Protein chains: 2
Amino acid sequence: MKNVEFPDPTIERLCCYRRILSALLAAGHARVYSHELAAAQRVTPAQVRRDVMLIGYSGSPVKGYDIAGLLDRIGEILDPPGGVGVVLVGVGYLGRALLAYFAGRKSPIPVVAAFDVAPETSGQLIHGCHCYHIDELSSFLSRRSILVGIVAVPAEAAQKTARELIDGGVRALLNFAPVQLDVPQNVYVENVDIAVSLEKTAFFAQSMSLEKED
Amino acid sequence: MKNVEFPDPTIERLCCYRRILSALLAAGHARVYSHELAAAQRVTPAQVRRDVMLIGYSGSPVKGYDIAGLLDRIGEILDPPGGVGVVLVGVGYLGRALLAYFAGRKSPIPVVAAFDVAPETSGQLIHGCHCYHIDELSSFLSRRSILVGIVAVPAEAAQKTARELIDGGVRALLNFAPVQLDVPQNVYVENVDIAVSLEKTAFFAQSMSLEKED
DNA sequence: ACTATACTGTGATTGTCTTCACAGCGTGAA
DNA sequence: TTCACGCTGTGAAGACAATCACAGTATAGT
Ligand SMILES: NC(=O)c1ccc[n+]([C@@H]2O[C@H](COP(=O)([O-])OP(=O)(O)OC[C@H]3O[C@@H](n4cnc5c(N)ncnc54)[C@H](O)[C@@H]3O)[C@@H](O)[C@H]2O)c1
Ligand SMILES: NC(=O)c1ccc[n+]([C@@H]2O[C@H](COP(=O)([O-])OP(=O)(O)OC[C@H]3O[C@@H](n4cnc5c(N)ncnc54)[C@H](O)[C@@H]3O)[C@@H](O)[C@H]2O)c1
């Protein structure tokens with residue numbers, strides 16, 4: 001109920017902490033210090049402690065944080081009770097890569113169905129995910145409780161796709177199309193703009209090469 | 001030489017402005033107001049004006065900004081003189097999607113070559129991009145001036161790949177692997193972590209649905 | 001030529017996130 | 001039992017980015 005008050009950057013870091021903590025736990029460790037967790041990311045120990053404080057967990061001044069306990073607490077914050085359903089729209093190159101990724105490993109957030117206009121994808125099972133024609137989207141959404149939609153269609157179709165997902169009850173979108181989606185205020189949009197990321201990288205490549213060597 | 005002093009968020013927005021300005025120009029417009037440019041992104045008009053101010057461009061108080069002129073100025077900032085070379089390492093699902101994307105449309109930043117361990121990809125032309133065996137990477141880099149590397153290999157191979165790229169002279173990496181790369185200070189790393197993005201989206205889907213309707 | 005208008009340019013302000021710095025404390029050693 | 005150590009928890013300070021608010025100004029209309 002008070003989830004809304006976690007700052008966006010903290011949520012992002014919590015996801016990363018979880019990944020590292022899981023790896024540590026799997027490697028047989030039981031406890032971590034803030035500076036160890038900080039070193040694995042590119043953050044300061046103080047930042048880690050503040051994040052942990054924010055989610056209401058605490059460690060021992062001498063032994064650090066209990067990995068399993070912290071992991072549970074992060075899960076309580078991040079994981080919705082009952083899980084979120086996720087659907088993918090657009091089974092092109094990117095959509096297939098996403099299906100391979102989220103179906104391949106036992107993902108905490110599995111994609112339950114995919115949709116596309118192309119008739120030949122309908123009825124297929126791609127990387128373990130059932131694909132349907134886009135016309136079946138709204139009836140699918142009305143039958144299942146789906147909170148997240150992934151938009152991996154061409155830019156021209158993105159707004160229309162967003163509309164359909166939101167009308168079907170989706171509350172958040174992960175958008176890969178290079179357009180700003182127009183959505184109601186109660187819908188969250190996370191944009192992943194790979195072209196912008198590459199341009200930014202290219203820019204900094206240039207400025208790094210102008211700087212003094214270290 | 002003074003490029004290094006542009007804040008990261010501004011660079012990101014400049015990429016977005018450019019995309020919109022290009023579209024406007026193509027649509028036959030000659031000038032824009034800050035509020036129009038702002039509406040296309042999700043930023044305030046003041047933000048747009050400040051960004052424009054920062055890059056040393058100015059518009060007319062009545063007619064707004066000249067689209068072509070602003071576009072040129074942004075290009076001067078973002079585009080390296082002579083262009084940056086970009087190589088891709090890891091021609092799996094994601095790597096192929098990237099090649100399709102950056103080869104398909106006439107991208108401002110084309111990928112000049114791709115590398116993979118799998119012998120069957122060597123010598124292939126995928127979406128217009130030549131693919132080579134990873135063993136050829138260092139000799140390729142020594143022959144061409146390449147400033148940017150895209151890391152699309154499995155997490156386990158990411159650090160090794162980063163090392164090879166940096167040793168070959170690359171100054172910035174676009175990293176899709178879910179690991180924090182350890183690089184020298186004069187190398188820039190842009191992480192695109194799709195799994196984290198999805199988890200974040202799922203989290204906000206949950207908190208949005210708890211909020212009051214609008 | 002003059003005026004009304006609506007936009008730009010920017011100093012000042014606000015807000016947000018990060019970092020500092022240290023008090024408090026649990027633990028292990030003597 | 002006592003002490004010293006090194007980590008956590010956190011108020012305060014700092015850094016940075018976004019926004020406000022308004023003075024300055026170029027244009028179109030009269
Ligand atoms: N491939 C990449 O690496 C990459 C990188 C950055 C951004 N993107 C963006 O991601 C999106 C998808 O990219 P892609 O490379 O997979 O493109 P793609 O052309 O390979 O795939 C698009 C898919 O969407 C389907 N589609 C089209 N209109 C539809 C509609 N109205 N409803 C449902 N499905 C529809 C098509 O049939 C196709 O299968 C694009 O917006 C692209 O700009 C892709
Ligand atoms: N596919 C996605 O949607 C997605 C999403 C998020 C993150 N990622 C990350 O992106 C990376 C690639 O994902 P993918 O789905 O394309 O995986 P993939 O297994 O399909 O492709 C990996 C490719 O890398 C090649 N490779 C392995 N070791 C190599 C090495 N040492 N040098 C050069 N090439 C090597 C393999 O031959 C393979 O072609 C992974 O780190 C993955 O975690 C992928």
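A residue counts as near a molecule or strand if one of its heavy atoms lies within 4 Å of it. The model is predicted.

Q: Which element supplies the largest share of the shell around ligand 2?
A: Helix 5 (93-104) of chain A supplies at least two residues of this shell, as do helix 5 (93-104) and helix 7 (155-167) of chain B. The largest share is 3 residues. Its source is helix 5 of chain A.

Q: How many residues of the shell around ligand 2 are nonpolar?
A: There are 22 residues around ligand 2. Of the shell, 2 are polar and 1 is charged. The nonpolar residues number 19.

Q: How much of the accessible area of ligand 2 does the protein cover?
A: Polar backbone atoms of chain B approach ligand 2. An oxygen atom of ligand 2 is 3.0 Å from one in Tyr93(B), and a nitrogen atom is 3.3 Å from one in Val117(B). For Ala155(B), the distance to a ligand oxygen is 3.5 Å. On its own, ligand 2 has 820 Å² of accessible area, and the protein covers 82%.

Q: Which side chain has an N or O atom 2.7 Å from a phosphate oxygen of DNA strand D?
A: For Arg13(B), the distance from such a side-chain atom to a phosphate oxygen is 3.1 Å. A polar side-chain atom of Thr44(B) also lies 3.1 Å from a phosphate oxygen. The 2.7 Å distance belongs to Ser34(A).

Q: Which element gives the largest share of the surface near DNA strand D?
A: Helix 2 (34-40) and helix 3 (45-54) of chain A give two or more residues each, as do helix 1 (8-26) and helix 3 (45-54) of chain B. The largest share is 4 residues. These come from helix 3 of chain B.

Q: How many residues of the surface near DNA strand D are charged?
A: There are 23 residues around DNA strand D, and Arg50(A) is one of the nearest. The surface has 9 nonpolar and 8 polar residues. The charged residues number 6.

Definitions and conventions
Residues numbered from 1 in each chain as written. Chains lettered and ligands numbered in written order. Predicted model: local features only at pLDDT ≥ 70, side-chain atom pairs only at ≥ 80, totals over all residues. Heavy atoms only, no water. Polar contact = N/O pair within 3.5 Å; in protein donor to acceptor, adjacent residues only side chain to side chain. Areas by Shrake-Rupley, 256 points an atom, 1.4 Å probe, with all protein chains shown as cover. Nonpolar A, V, L, I, M, F, W, Y, C, P; charged D, E, K, R; others polar.
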